[in-house]
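The following paragraphs are intended to be read alongside the sequence and the coordinates. They treat the surface, the aromatic residues and the charged pairs in turn.

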Amino acid sequence: AGSNASKPYQIGLIAEHGFGVPQTIVTNSPQRAREFYESHPDGVIYKSISYHRSIVKRFEPADLERLETLRYCPLQLQSYVEGVDVRVHVV
């Protein structure tokens with residue numbers, strides 16, 4: 001049950017079991033988020049870190065203006081991976 005409550009924990013488990021995962025950071029630092037975005041020319045996606053279903057979006061240049069709001073709510077950023085979005089749930 002605990003692994004379902006945290007996206008950062010889930011990605012750690014996935015990597016621990018040998019699956020490839022995109023480069024990921026969880027931060028509430030506007031500067032770290034900007035640096036991560038700028039260091040990934042192929043793109044970045046962002047999502048909530050909670051267990052609630054969140055909308056995953058591409059990070060766009062216009063989003064840079066909203067980075068100061070990260071101080072109040074951390075965000076998970078990942079390098080964009082081209083391809084079909086496949087979700088798998090294992091019980």
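**A guided reading of the model**

Val90 is found in the segment after β4. The model under discussion is a predicted one. Val90 has a relative accessible area of 75%, and because exposed means over 50%, this residue counts as exposed. Val90 also belongs to a nonpolar patch on the surface, which it forms together with Val84, Val86 and Val88. The accessible area of these four residues together is about 480 Å².

The aromatic residues come next. How many aromatic pairs does the structure hold? There are two. In one of them, the rings of Tyr37 and Phe59 have their centres 4.7 Å apart, and their planes stand at 45°, so the pair is classed as tilted. This pair links distant parts of the chain: Tyr37 belongs to helix α2, whereas Phe59 is in the loop between β3 (57–58) and β4 (75–79), and 22 residues separate them. Tyr37 is buried, with a relative accessible area of 18%. Phe59 is buried as well, with a relative accessible area of 6%.

Phe59 also takes part in a pair with Tyr46. Here the ring centres are 6.0 Å apart and the planes lie at 80°, so the pair is edge-to-face. Tyr46 lies in strand β2 (residues 44–47) and Phe59 in the loop between β3 and β4, so this pair ties together parts of the chain that are 13 residues apart in sequence. Tyr46 has a relative accessibility of 14%; because buried means under 20%, Tyr46 counts as buried. Through these ring pairs, Tyr37, Tyr46 and Phe59 are linked into a cluster.

A further aromatic ring is approached by a charged side chain. Arg58 lies over the face of Tyr80, at 3.8 Å from the ring centre.

The remaining topic is that of the salt bridges, of which the count comes to three. One joins Glu38 to Arg34, with the closest N and O atoms 3.9 Å apart. Because the cut-off for a salt bridge is within 4 Å, this contact is counted. Both residues lie in helix α2 (residues 30–38), four residues apart, which is about one turn of the helix.

Another salt bridge is formed by the side chains of Arg66 and Asp63, at 3.1 Å from N to O. Arg66 counts as partly exposed, at 48% relative accessibility. Asp63, by contrast, counts as buried, at 11% relative accessibility.

Glu68 and Arg71 form a salt bridge in which the closest N and O atoms are 2.8 Å apart. Glu68 counts as partly exposed, at 47% relative accessibility. Arg71 likewise counts as partly exposed, at 47% relative accessibility.

Definitions and conventions: Residues are numbered from 1 along each chain as its sequence is written. This is a predicted model: local features need pLDDT of at least 70, side-chain atom pairs count only at pLDDT 80 or more; totals for chains, interfaces and linings use all residues. Side-chain values use heavy atoms; hydrogens and water are left out. Helices (H or I, at least four residues) and strands (E, at least two) are DSSP runs, numbered from the N terminus. Buried means under 20% relative accessible area, exposed over 50%, partly exposed in between (1.4 Å probe, protein chains only). Rings of Phe, Tyr and Trp (its six-membered ring) pair if their centres lie within 6.5 Å; planes under 30 degrees apart count as stacked, over 60 as edge-to-face and the rest as tilted. A charge sits over a ring if NZ of Lys or CZ of Arg is within 6 Å of the ring centre and within 35 degrees of the ring normal. Patches are made of residues with over 30% relative accessible area and no salt bridge: like charges are joined within 9 Å, nonpolar side chains (Val, Leu, Ile, Met, Phe, Trp, Tyr) within 5 Å. Accessible areas come from the Shrake-Rupley method with a 1.4 Å probe; for residues, only the protein chains shown count as cover.
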